[in-house]
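Colleague: Hi! Could you walk me through this one?
Modeller: Happy to, here it is.

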Amino acid sequence: MCFHVSYSALTMFISTDQKERDSATAYRMTVEVMGTLLGAAIQGQIVASAHSQKHCSSHNMSAGSLGNSSGAETVVPFQENLSQAVSVSLPALRLRVFIPHLSDPYGSKTDEQVPFVQGFLKVMGHGPYIILTAAFLLITVAVQLTQSNFVLFCTYAAGLREHFQNIVVVILVSALLSIPFWQWFLKRFGKKTAAFCGITWIMPFSMLLVFIPNLVVAYIVAVSSGLSIAASLLLPWSMLPDVVDDFRLTNSSSKGHEAIFYSFYVFFVKFAAGITLGVSTLCLQFAGYETRGCSQPPPVVYTLKLLIGAAPIAFIVTGLMILVLYPITEDVRRRNKLWLDELRCVEIINAQLGLEETNGCEHYL
């Protein structure tokens, strides 16, 4: 997880151009989904082999690998997810230890480093970051609820025991193919609009599968779910650099907080995912889930329908209501870019004062 934070935080150092950073994020998410797709293909072969041996217990699995690159198929114990979540809270030091030569492209070379605690308090006091994190934390909980219970739902509530591995692959292929579309969409209509359009797309189809659990509907839901999963993966990582840029303008005397932004965003999301898996397991246990059963009692079926349908929609709606308050619109983003470019040019001029070139910043003199 620390490695994940380190290379994702490097997005801020790839370029000072926001379009180039968005493009790099899209390529990274495409590669991660491709890795997940490969893991799902291997998972399908394992499950198919288990089916051929007629082991009923092989169906008691989770689709928790749909939205991450680990490819794990079983329900990860809550304690393990919690320990993974805690492990991502300290990568700021790791980023600085392993990549010491990188510096803030907008920061003054004479600024003193802010202590970690003070930097953490500044980051947590930045409104756009709190809004973005809270909104996508709830949305991630909704997606995780769907992912972690999808296979169980197909097996015990929808009667699609023999088809769920194909449905999982369809979801991942749909997510993979739709990432370029969402990249184009956010450029054309803005990131906030793309988030609303992409994430709300899954809600009616999830309820459709709950009420009409047949194979044709399942594949339709798989395609639509892939579209929403791609948006939920791409948009927060594309919007987070804009939040960091906004923070730089309001805290021009501070620098080097990128790792704090990224590490605690990952921490909150992984922590929420761990809690979600734990709550899902407890709900199924209280409903009377039988670990090695070929069928489940009606309360378990009803609980799975809630975990797939009503609960994710409630979290998505709440998250989108919070996202309405997100203040960084496309106009604000473009304004921030102009101001940051001006700030960078001023730093270049100060550094090169007396030299023949000022790298095209003469109009700021």
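Modeller: The largest nonpolar core has 79 residues, and Phe136 and Leu235 have the most contacts inside it. By such a core I mean buried Ala, Val, Leu, Ile, Met, Phe, Trp, Tyr and Cys residues joined through side-chain atoms within 4.5 Å.
Colleague: Which helix supplies the largest share of this core?
Modeller: That's H7, with 17 residues. Helices here are DSSP runs of H or I, at least four residues, numbered from the N terminus.
Colleague: Before I go on, what kind of model is it?
Modeller: A predicted one: local features need pLDDT of at least 70 and side-chain atom pairs pLDDT 80 or more, while totals for chains, interfaces and linings use all residues. Residues are numbered from 1 along each chain as its sequence is written, and side-chain values use heavy atoms, without hydrogens or water.
Colleague: Back to Leu235, what is it in contact with?
Modeller: Leaving aside neighbours within four places in sequence, Leu235 contacts Phe136, Leu186, Lys191, Ala194 and Ala195 (heavy atoms within 4.5 Å).
Colleague: Is Lys191 buried or exposed?
Modeller: Lys191 counts as buried because its relative accessibility is 4%; buried means under 20% relative accessible area with a 1.4 Å probe, protein chains only.
Colleague: Which side chain does the Lys191 side chain join in a polar contact?
Modeller: Asp242, at 2.6 Å. The Lys191 side chain also reaches the backbone oxygen of Ser238 at 2.9 Å. A polar contact is an N or O pair within 3.5 Å, one able to donate a hydrogen and the other to accept it; residues adjacent in sequence count only if both atoms are side-chain atoms.
Colleague: Great, and where does Lys191 sit?
Modeller: In helix H9, residues 191-200.

Conventions
Helices (H or I, at least four residues) and strands (E, at least two) are DSSP runs, numbered from the N terminus. Buried means under 20% relative accessible area, exposed over 50%, partly exposed in between (1.4 Å probe, protein chains only).
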